[in-house]
Amino acid sequence: MGFCKDFLWGGATAANQCEGAYLEDGKGLSVSDVMSVGSHQEPRKISLDMDDSYYFPYQKGIDFYHHYKEDIALFAEMGFKVYRFSIAWARIYPNADDEKPNEAGLQFYDNVLKELKKYGIEPLVTISHNEMPLNIVKKYHGWPNKKVIDLYVKYCETIFTRYQNDVTYWLPFNEVNNLMLPLSNLIQGGIYIEGSTDFNNQKDDPNLRMNALNNVLIASAKAVKVGRKINPKFRFGTMICHITRYPRTCNPDDVFYVHQNDLVHNCMCSDVMLRGEYPYYAWNYFERNHIQIALNEEERQALKEGICDFYSFSYYQSICESTQNFDETTSGNIMGGVKNPYLKLTDWDWPIDPVGLRYTLNKVYDRYHVPIFITENGLGALDTPVNKEIHDPYRIDYIREHIKEMKKAVEDGVNLIGYTPWGCIDLVSVSTGEMKKRYGFIYVDVDDEGNGTFERYKKDSFYWYQKVIASNGEDLD
Ligand code: BG6
């Protein structure tokens, strides 16, 4: 037994991290455009009035806006069956509440979709990926405001109508559950609390944040319903940032602590999106944390009517947690944890845990029994080009070991339908804003300050992944 014959091999990117051209052809400013460059040691700065002394890396990205033909040709050369990308909301509705959409923005994605079609690559579209028009923050104070639900649904209706014959697979929100953490206040919640300066340390009002998340979940369900009316063949997926958690010790207190965190952080949003209502433990969590979410009867009904079709998630690493104090900690996507003595770390201190992926696939399939799509996974690493060649055995190792575990999960009986490694072409990192933290099979010659030729080079991993796809995951050498 191996991967199904129509397994969707491909790669993933997001508009804000790669397009650049941040004010071109009528695009409005988005929340991500105002995040400065940072580093592993120095947090990214955020403010609503941009300070000229910083460089804002998303404004240039990797200039996918002008290189999309070349980039898609390279994806096709690798043999991609699917390409996950996001639409920049601020390209379509520059201020979110504009009466009419921006035709030039719509045209750009027409062009991208046309190019994908030329090579027979299936699009997988994220509707909102860490990005929304900045006006939502300034005028509406973000997602806690119910009016934003209508603005989002209008945006969805526009793109569903325009691309109804070109797109089947949609993800309403990237890593929707990140709003469980203050880190996502601005980029996912559109919440900016006066005095916040660092991306990693934003001022937080949990009640406001959870109401933002509640409205996001309602908006997602409403969009699914609208989409299905436009084209019943549309397929919608969750997109969960799955931080696989292990108890650091077998002390039953640790086991239960991790179980509760897993439910709230990993399962709550997908339970709502796939089962149509908040689970029992969510109400308990809200009560314990003095959170009151505004959810009326009509919205409860909307949640039931807008259930997704498949489960998609990002998986980069696992973390350990404990009720006791451990000195050694590690970093990770969105959050870190207590150090796991059995795992090695990446250059950015994220644990590497391929077996954790098999465990996670089994866990989520057992819970939901719907098709599963891994929409992000990969290694952020330093690459050193020599004469336009990049030897990246570390990246090949990382992905190879994860694919081996995916295969075992398929043999376990998991219905896995696709795999889109993150940043298939180098792009700007979210957590640090750096370019030098690279995930791609394709190298882009641009540095942390936006200097470079923007030329694309194929890494060793490019040729390796090409073989993997050609052999449907059999040839991993
Ligand atoms: C995910 C995001 O959280 O992790 C991506 O969906 C992001 O947008 C990816 O780039 C990797 O994180 P980072 O911080 O290395 O860019």
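**Figure 1. Salt bridge between E321 and R245 in the predicted model.** The closest N and O atoms of E321 and R245 are 3.0 Å apart; a salt bridge is a side-chain nitrogen of Lys or Arg within 4 Å of a carboxyl oxygen of Asp or Glu. The pair joins distant parts of the chain, with E321 in strand β9 (residues 318-321) and R245 in strand β7 (residues 244-247), 76 residues apart. Helices (H or I, at least four residues) and strands (E, at least two) are DSSP runs, numbered from the N terminus. Both E321 and R245 are buried, where buried means under 20% relative accessible area, exposed over 50%, and partly exposed in between (1.4 Å probe, protein chains only).

**Figure 2. Salt bridge between K363 and D262.** The N to O distance is 3.0 Å. K363 is partly exposed, with a relative accessible area of 22%, whereas D262 is buried at 13%.

**Figure 3. Salt bridge between E474 and K407.** The side chains meet at 3.1 Å, N to O. E474 belongs to the segment after α14 (460-470) and K407 to helix α13 (residues 393-412), 67 residues apart. The relative accessible area of E474 is 48%, so this residue is partly exposed; K407, at 18%, counts as buried.

**Figure 4. Network of salt bridges.** Six residues are linked here: D383, D392, R395, D426, R438 and K459. In total, the model contains 36 salt bridges.

**Figure 5. Positive phi at I334 and H369.** Most residues other than glycine have a negative phi. Phi of I334 is near 70°, and this residue lies in the loop between β10 (329-330) and β11 (337-338). I334 is partly exposed, with a relative accessible area of 24%. H369 has a phi of about 55° and occupies the loop between α12 (354-368) and β12 (372-376). With a relative accessibility of 55%, H369 counts as exposed.

**Notes to all views.** Residues are numbered from 1 along each chain as its sequence is written, and side-chain values use heavy atoms, with hydrogens and water left out. As the model is predicted, local features need pLDDT of at least 70 and side-chain atom pairs count only at pLDDT 80 or more, while totals for chains, interfaces and linings use all residues.
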